[in-house]
Every structure is written in C-alpha cells, then in structure tokens.
Amino acid sequence: MDLQFSVDRSSPVPLYFQLSQQLEAAIEQGRLSPGSLLGNEIELAGRLGLSRPTVRQAIQALVDKGLLVRRRGIGTQVVHSQIKRPLELSSLYDDLEAAGQRPGTRVLRLDTVEATAEVAAALGVPEGSEVRLVERLRSTHGEPMAHLRNHLPPDLIDLDGEKLENTGLYRLLRSAGITLHSARQTIGARAASAEEAELLGEPEGAPLLTMERTAFDDTGRAVEYGSHLYRASRYAFEFQLLVRS
C-alpha cells in the first residue's frame, strides 16, 4: 500500500477516526481498489507514529462498515466501497458505471402478470389488467447489491433477458425513444426476510433500504413502477439540502 496518510495531533478528532476517514476516502476514490491489501498494523503504526491499538481501531471501524475484511493468512483486504447514489432520475446501472464499478445483472423473471391494486394505481391501468414484470438481481464486482422489481405497461417496449443482462432498463427505454421526464419516489427501510437475505448475501433480519418509484415520460404517462431492495451495508442515497430563505 503506497499511500500517504497523516494525522493532526492537535485536532480534537480522535486519531483513529482521522486515519479511518483517510482510508475510507482512499477506498471511495479508487486509490485502494477491491482486493488491495493493507500493510500490517505494526508497519502502518510505525510509519504514522501511532500506537498499534489506534491503527487497529481505525481498521476495525472500516471492517464494521463492510469496507475491509481480515483474512487469515492474507491480511486486511479491501472488499468494496459503498455505493452512494444521488437522488435523481437515473438507473442503478448507469450510476454504478459512473462510479467506476462493474455492474452485472441476473434476470430472475421476465413475464406478463395481472396488475395488483398497487401496481395498477401507480401505472394508471385497471386492476387485473396485463402488465410486464421484470425482476433482476443487480451486482457489482460479482457481489449482490440490489433486488429490482419493475412493472411496465404491456406494449411499451420489447424486452428480452439478454438485453436486460447487458444494460440498464432506463437505457433501453431511452433507446426505444421514450423520454423520461420525472418520477415520484419513496425511500424506506426494513429487515430482510430469509429469502431476501439469501438472495442478497446478508444475514436474515439485516437492514435493507427500500425504494418505490413511478417514472413518467414527457407526456405525463406512467412508464415504469419500480419496487427495489438495496443492501444497507453496501448502498446509500445521497442528496443535497438547500436552505430556503
């Protein structure tokens, strides 16, 4: 690990936290990529003039966040960076690519189903009418990230599994001439069921972020209703707040 870190001993911020923040920034910025090995605690402590317990506490903070993992016989290794997604009308696939990640998709289901009351209300179609269901598992670096369920009007776009595995849904909509204009979105959280935990590689009861979104085209037509689950250990929504004068 050929990176330079420094700590400010006059700062009220604990030394371990200063170091953990710098390590986290290096991971987020890609200077420490997944699979990178950190130097051992003794070497890092000596280089920074810190005690070994201080370095161990900094590393443990990132282990607890899921950014680092200790592997016997290998050392401390970077697992991944957390994905921070802006609150705007974009697809997870595009956001992962923009963050320098390698998005992967496994199509779990592609079918025509009857619209439930919830789906019908979101898409503005009669309850029980036919809609298209797309269910996918999105991953990055081969690790599960999100379980995505999307309902679309039946004749909106021609979809097949190969297309959905190679690109994002919104990209396919745009290529079909559909202009995405706005969306109504709700974000929440809940515990993972046994089935969801197994699918996403989390323990049962682990926290999951939820997102429900109805997207509209430039004519005001509802073109997609999404109900998504994200691993809270790997994923966060990020937005900017402005003070209203």
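Two rings of Phe, Tyr or Trp count as a pair if their centres lie within 6.5 Å, and planes over 60 degrees apart make that pair edge-to-face. All views below show a predicted model.

**View 1. The aromatic pair of Tyr-16 and Phe-17**. The structure holds one aromatic pair. Tyr-16 and Phe-17 form this pair, with 6.3 Å from centre to centre and 75° between the planes. The pair is edge-to-face because the angle of 75° is over 60 degrees. Tyr-16 is partly exposed, at a relative accessible area of 25%. Phe-17 is also partly exposed, and its relative accessible area is 36%.

**View 2. Glu-24 in helix H1**. Helix H1 covers residues 15-28 and includes Glu-24. The relative accessible area of Glu-24 is 11%, so this residue is buried. Leaving aside residues up to four places away in sequence, Glu-24 touches Leu-62, Lys-65 and Leu-67.

**View 3. The largest nonpolar core**. This core has 18 residues. Leu-19, Leu-23, Ile-27, Leu-32, Val-55 and Leu-68 are those with the most contacts inside it. Two or more residues of the core come from each of H1, helix H2 (41-48) and helix H3 (52-64).

**View 4. Another nonpolar core, apart from the largest one**. In soluble globular proteins, nonpolar side chains tend to be buried together.

How values were computed: Residues numbered from 1 in each chain as written. Predicted model: local features only at pLDDT ≥ 70, side-chain atom pairs only at ≥ 80, totals over all residues. Heavy atoms only, no water. Helix = DSSP H or I, 4+ residues; strand = E, 2+ residues; numbered from the N terminus. Buried < 20%, exposed > 50% of the residue type's maximum accessible area, 1.4 Å probe, protein only. Contact = heavy atoms within 4.5 Å. Phe/Tyr/Trp six-rings, centres within 6.5 Å; stacked < 30°, edge-to-face > 60°. Core = buried A, V, L, I, M, F, W, Y, C linked by side-chain atoms within 4.5 Å.
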